[in-house]
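Visitor: I'd like to learn how to read a few features in a model like this one. Could you walk me through it?

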Amino acid sequence: MIEVVRLTENEFTSELSSLLDQSSFFCSTSFLRLWDSVGGHPVCWVARVERKIVAALPGVEFGLSAVRRFQSMPDGCYGRLVGNHASSDFVSSGQAILQAIRKQRYVSSNIYDFYGDFPSSDEFDRQECVTLMVDIGPDWEPPDSKIRSEIRKSEREGATVRSFDSKRDFDGFVGLVNATSQRQGIKRKYDDQFYRALAKLAERDQRVRWYWLDYQDKSVASHINFVEHDMLVNWQVVSDREFSFLKPNQLLLATAVQKAVASGLTKLNLGATPIDAENLLAYKKKWGGSEYKYQRLTSQSILGKLVQ
């Protein structure tokens, strides 16, 4: 019989922590702990048979108990059912985990099922999500001639890309975040504390690839990327429009791909695009991306629907 338990971070056993850390970056305990900096609480829903772990779904809870939300994973990142895929109980364990999450009475639950681990469920509604994926390899280059030309222009202007150095670059990065938020007319999603925590994680985990471009001692642009399995996820981009003539984002992304290929990655994930951002979508497609569709599993309590 399958038993499902919800474990908080301080209840993770060494066996569970090892399973998560070996599965992927988004499932790792270090990535889960990153969300502590913004009030998140790492948890893991574990399905066991005779006390042995068959499957586990890590995620992050936000909010107080009466209005608690569950995400696997937050902000454009993906959840994953990890464990013994060869077990005859693996698929049914996934279903049991969904049922247990539903019974937890979160005001909302969201699971971004990029890998199709949950083929069906009566417990959750399904919404189709789309991201752009690019196959990359040693001979890869952007198929769009204008993009290639812009990269060469950036190099002629003397722009260079290097890894982000938090001691040297952090204040400039915060300025770029503020400028980008103001330009887009949206509130900053994360405070300085979150980015400091992410910078510390980048120092000890090479799966955080944070690239930086400055020019004549001025902060120009930053790209934060994550490595998930064989995929480079282009997660966050901020820049100063004053230096758009440098084409910094083109050079940053091209450099990130070159380094990704050198380390054995085979895919570039350009991320989901807001429905109303047609220009951004057109730009992404110039990098050779094709649509990859996956499911967002979501459920809401009555209270969640009222406060939506």
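Visitor: Let's start with one side chain. Is E61 buried or exposed?

Guide: Keep in mind that this is a predicted model. E61 is buried, with a relative accessible area of 2%.

Visitor: Which residue forms a salt bridge with E61?

Guide: The general idea comes first: side chains of opposite charge can pair when their charged atoms come close. Here the partner of E61 is R6, and the closest N and O atoms are 2.8 Å apart. R6 counts as partly exposed, at 27% relative accessibility.

Visitor: What about D192 and R188?

Guide: Their side chains meet in a salt bridge too, at 2.9 Å from N to O. D192 is partly exposed at 29% relative accessible area, and R188 is partly exposed at 23%. There's also a network to look for: salt bridges that share partners join E3, R48 and R51.

Visitor: Now the nonpolar side. Which residues have the most contacts inside the largest nonpolar core?

Guide: That core has 48 residues, and the ones with the most contacts inside it are L16, F26, F31, F173, Y195, L198 and F226. Take F226 and leave out residues up to four places away in sequence: what it touches includes F25, F26, F31, L198, M231 and W235. R207 is among the residues F226 touches as well. A second, separate core has 27 residues, including A159, Y211, L246 and V257.

Visitor: And how do I read a strand? Which strands pair with β7?

Guide: In a regular strand the side chains alternate between the two faces of the sheet. For pairing, follow the bridges. Strand β7 (residues 125-135) runs antiparallel to strand β13 (residues 290-300), joined by nine bridges. V130 has K293 as its bridge partner in β13. β7 also pairs with strand β12 (residues 267-269), again in the antiparallel sense, over three bridges. There, M133 stands opposite N269.

Key:
Residues numbered from 1 in each chain as written. Predicted model: local features only at pLDDT ≥ 70, side-chain atom pairs only at ≥ 80, totals over all residues. Heavy atoms only, no water. Core = buried A, V, L, I, M, F, W, Y, C linked by side-chain atoms within 4.5 Å. Buried < 20%, exposed > 50% of the residue type's maximum accessible area, 1.4 Å probe, protein only. Contact = heavy atoms within 4.5 Å. Salt bridge = Lys/Arg side-chain N within 4 Å of Asp/Glu carboxyl O. Pairing = 2+ DSSP bridges. Helix = DSSP H or I, 4+ residues; strand = E, 2+ residues; numbered from the N terminus.
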